[in-house]
Amino acid sequence: MVEYREVTDERAWDELIEAHAGHPMQAWGWGELKARTGSWSARRIAVERDGAFAGAAQVLVRKLPWPFGHICYAPRGPVTDHAADVPQVADDIAAWCKANVSAVSLKIDPAIAPGAVELGRGWQSSEQIVLPRTAAIGLAPTEDEIMAGLHSKKARQYIRKAGRSGVTVRRATAADLDAIMDIYHHTADTDDFALHSDEYYRTAFEACADVNQVFLAEIEGRPLAFLWNIATSGTAFELWGGVTDEGKRLRANYLLKWQAICTAKESGSALYDLNGLLEGGVSTFKLLFAGEPTVWMGAYDRPLSPLYRVWDAALKLYRRLFK
């Protein structure tokens, strides 16, 4: 017998996510960030079968124009103890969304290898939100073994060089946000990518306090680089980062990433996900640490209403016209 339990207590939800090695995008803080900064609300659902935990999902819900109802998205969900349980729990969460929020569809994108599971009938490949092609480092080995296993000898040399040059890395505080944003704007201008508003990141520092691991590299008190991760027992996940010109010269970003990997291991994460490989220098830099890309199964939608086809077609047309 399947039973649903909606969790409305932050501590209880995060304890559940930690106990079952869920992704940090399934943690309370990520849903809180999306609720505070956009048109999403977050619902947290535990699925029990015959009185025992079967799975869970933090479902982001967005209201659509009449008559479409809502769309739902469980980023890097659902949470299960075994990959083989994902298809059944995904179906369970889809049924909950249809019954409780008049959803036109549910999107999922679990961090599972392609072909590892077969989703149930009705699921279809869909537009990606979180990139499925990434790079990842397992954190079960010792620090020395992880260091020795870094793909590039150059990466190991630059980590040590930055330390010898006097670069230090520490956890960032709210007082560092101005410096972090200055670095991020410089990096975005240099590499030509778009940012959220500064207020988005300030909100993230507060809303994601349950999972934040934010690091700042410095020399003689001067900020050189930052790296903003979120982490649970399942995964440490890179969100944002940037480096100054001086930081590049001193290889501060190498030491910064290494310290983030070590902190993730110390805090109990099983996997370090460098999050997203595209073309260009940033992806090349990430692969110095991991070597080979890791590819997850990607995003899948489960249509839950006859109106899904109409909504999907309208959305594709809008993007073609206004992208």
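At what angle do the axes of helix α5 (residues 153-164) and α9 cross, and within what distance do they come? Keep the question open while loading the model, which is a predicted one.

**Stop 1: the seven-stranded sheet**

Select β1, β2, β3, β4, β5, β15 and β6. These seven strands form an open sheet in the order β1-β2-β3-β4-β5-β15-β6, and the pairing is mixed. At its edges are β1 (2-6) and β6 (124-125); each has a single partner strand, so one side of each lacks a neighbour in the sheet.

Next, select helix α1 (residues 10-19), which packs on this sheet and touches β1, β2 (40-49) and β3 (52-63). The direction of α1 makes about 120° with that of β3.

Stay on α1 and show the side chains of Arg11 and Glu15. They meet in a salt bridge, with an N to O distance of 3.1 Å. Arg11 and Glu15 are four residues apart in helix α1, which means that about one helical turn separates them. Over the whole structure, a search finds 15 salt bridges.

Now move to strand β4 (residues 70-74) and strand β5 (residues 103-108). The two run parallel and are joined by five bridges. Pick Cys72 to find a facing pair: opposite this residue, in β5, stands Leu106.

**Stop 2: loops with backbone features**

Select Asp50, in the loop between β2 and β3. Asp50 is not a glycine, yet its phi is positive, at about 55°.

Go on to Trp66 and Pro67. The peptide bond joining them is cis, with omega about 10°. The loop that holds Pro67 runs between β3 and β4.

A cis peptide bond also joins Gly77 and Pro78, where omega is about 5°. Look for Pro78 in the loop between β4 and α3 (86-100).

**Stop 3**

Select β8, β13, β12, β11, β10 and β9. This open sheet of six strands has the order β8-β13-β12-β11-β10-β9, again with mixed pairing. Ignoring direction, neighbouring strands here are turned against each other by 25° on average.

Within the sheet, pick strand β11 (residues 222-231) and strand β12 (residues 235-243). Seven bridges join these strands, which run antiparallel. Phe226 has Gly242 in β12 as its bridge partner.

Then show α5 alongside α9 for the opening question. The two axes come within 7 Å and cross at roughly 100°. That angle makes α5 roughly perpendicular to α9. On the α5 side the contact consists of Lys154, Ala155, Tyr158, Ile159, Ala162 and Gly163, and on the α9 side of Ala252, Tyr254, Leu255 and Trp258. By class, this contact has eight nonpolar, one polar and one charged residues.

**Stop 4: helix α7 and its two partners**

Select helix α6 (residues 177-191) and helix α7 (residues 198-207). Their packing angle is about 135° and their axes are 11 Å apart. α6 and α7 are therefore oblique to each other. The crossing of α6 past α7 is right-handed. To display the contact, show Leu177, Asp178, Met181, Tyr184 and His185 of α6 with Asp198, Tyr201, Arg202 and Phe205 of α7. The classes are five nonpolar, one polar and three charged residues.

The axes of α2 and α7 come within 9 Å and cross at roughly 145°. This crossing, too, is right-handed.

Which residues of α2 meet α7? They are Gly29, Trp30, Glu32, Leu33, Lys34, Arg36 and Thr37, and they meet Tyr200, Thr203, Ala204, Glu206 and Ala207 in α7. Coloured by class, the contact of α2 with α7 divides into five nonpolar, three polar and four charged residues.

Note on methods: Residues are numbered from 1 along each chain as its sequence is written. This is a predicted model: local features need pLDDT of at least 70, side-chain atom pairs count only at pLDDT 80 or more; totals for chains, interfaces and linings use all residues. Side-chain values use heavy atoms; hydrogens and water are left out. Two strands pair if DSSP finds at least two bridges between them. Contact means heavy atoms within 4.5 Å. Axes are lines fitted to C-alpha atoms, for helices over the stretch in contact, and angles run from 0 to 180 degrees between N-to-C directions. Angles under 35 degrees count as roughly parallel, over 145 as roughly antiparallel, 65 to 115 as roughly perpendicular and the rest as oblique. A crossing is left-handed if the near helix is turned anticlockwise from the far one by less than a right angle, and right-handed if clockwise. Ala, Val, Leu, Ile, Met, Phe, Trp, Tyr, Cys and Pro count as nonpolar, Asp, Glu, Lys and Arg as charged, and the others, Gly among them, as polar. A salt bridge is a side-chain nitrogen of Lys or Arg within 4 Å of a carboxyl oxygen of Asp or Glu.
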